[in-house]
Amino acid sequence: MKRRGLASFDITITNYQNYQYYAPLYLGTNSESLDFVWDTGSSMLWVPLNSCSGCPSGSTKYTAPASYVPNGVTHTINYASGSVSGNMATDDVRLLTTLGAVNMRILGVDTASDITGLRADGIMGMSPKVSSSANAELFVEKLFDGGIIEKNAFGVNYRSFTDTAESEITLGGYDTTMVANDSLFSWVDLKSTSHWNLELKQVYYNGNEIDISPNLGILDTGTSLTLFETNDFNTLWAIITEGKSCGFSTSSGLRA
């Protein structure tokens, strides 16, 4: 991690085969280090507890310290693949052990299903808004409110694992070596604040417009796939594979 300006930070992200991107946070009074997927497609920070059933065997489990205070509220997060359940709590979270902590609501997970492919220990949700039923808080907002970052903003720069430059997330602003100032941005309105929802008007392949209608798209750093509705996918698949030899795995449901 490096500090950019007065109050923004570049966090180096580990890239696992262009499949998952994750980085550490420091939790509790002992600043215990755990790795988290920084996921713009969800809104909650969850951590696997020592008691977790179904969490990946290789993940670091969290030994809850005195700063970890459950509030008696149970919650389940359902992802496109897999789910986690547990009890809401408050705890201290740090970007660095040398920085002040923000005390925020998190989910202590004691039951997980179908997340064995997760390379990190937990997930840090970074959606623009928390669902009213989630009883959670957004980490970036907490950092801003706590005076740790200068702006209530972040930027994502994910790269291929074959690149020499590292993937990064900037908290408190954006990477000015990529975009010098705000005037150079092309600003796009969100269609809703439940996710980073953008209106999609056109899709092109090999320079030609494709006749599909994907009204909305979600910018989601927590997935390595681009998802389409079935009819649109079938149209894309037919165009992309025309004249090519491609296959389909019945065991995984994946095409290649």
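How many aromatic pairs does the count come to? The count comes to eight, where rings of Phe, Tyr and Trp (its six-membered ring) pair if their centres lie within 6.5 Å; planes under 30 degrees apart are stacked, over 60 edge-to-face and the rest tilted.

Before you click, note that this is a predicted model, in which local features need pLDDT of at least 70, side-chain atom pairs count only at pLDDT 80 or more, and totals for chains, interfaces and linings use all residues. Residues are numbered from 1 along each chain as its sequence is written, and side-chain values use heavy atoms, leaving out hydrogens and water.

**Stop 1: ring pairs**

Select Tyr21 and Tyr158. Their ring centres are 4.2 Å apart and their planes are at 5 degrees, so this pair is stacked. Tyr21 belongs to strand S3 (residues 20-27), while Tyr158 sits in the loop between strand S10 (154-157) and strand S11 (167-171), so the pair ties together parts that are 137 residues apart in sequence. Strands here are DSSP runs of E with at least two residues, and helices are runs of H or I with at least four, numbered from the N terminus. Tyr21 is buried, at 11% relative accessible area, and Tyr158 is partly exposed, at 22%. Buried means under 20%, exposed over 50%, and partly exposed in between (1.4 Å probe, protein chains only).

Now select Tyr62 and Tyr68: this aromatic pair is edge-to-face, with 6.2 Å from centre to centre and 75 degrees between the planes. Both Tyr62 and Tyr68 are buried.

Next, show Tyr174, Phe185 and Trp187, which form one aromatic cluster.

**Stop 2: the nonpolar cores**

A nonpolar core is a set of buried Ala, Val, Leu, Ile, Met, Phe, Trp, Tyr and Cys residues joined through side-chain atoms within 4.5 Å. The largest one has 31 residues, and Leu25, Phe36, Trp38, Leu95, Phe139 and Leu171 have the most contacts inside it. Among the elements that each supply at least two residues of this core are strand S4 (32-39) and helix H1 (139-145). S3 gives the largest share, four residues. Then select Cys52, Ile77, Leu118 and Ala120, which are included in a second, separate core of 19 residues.

**Stop 3: a loop residue**

Finally, select Thr29, in the loop between S3 and S4. Is Thr29 buried or partly exposed? Thr29 counts as partly exposed, at 48% relative accessibility. Leaving aside residues up to four places away in sequence, Thr29 touches Pro65, Ala66 and Ser67 (contact means heavy atoms within 4.5 Å).
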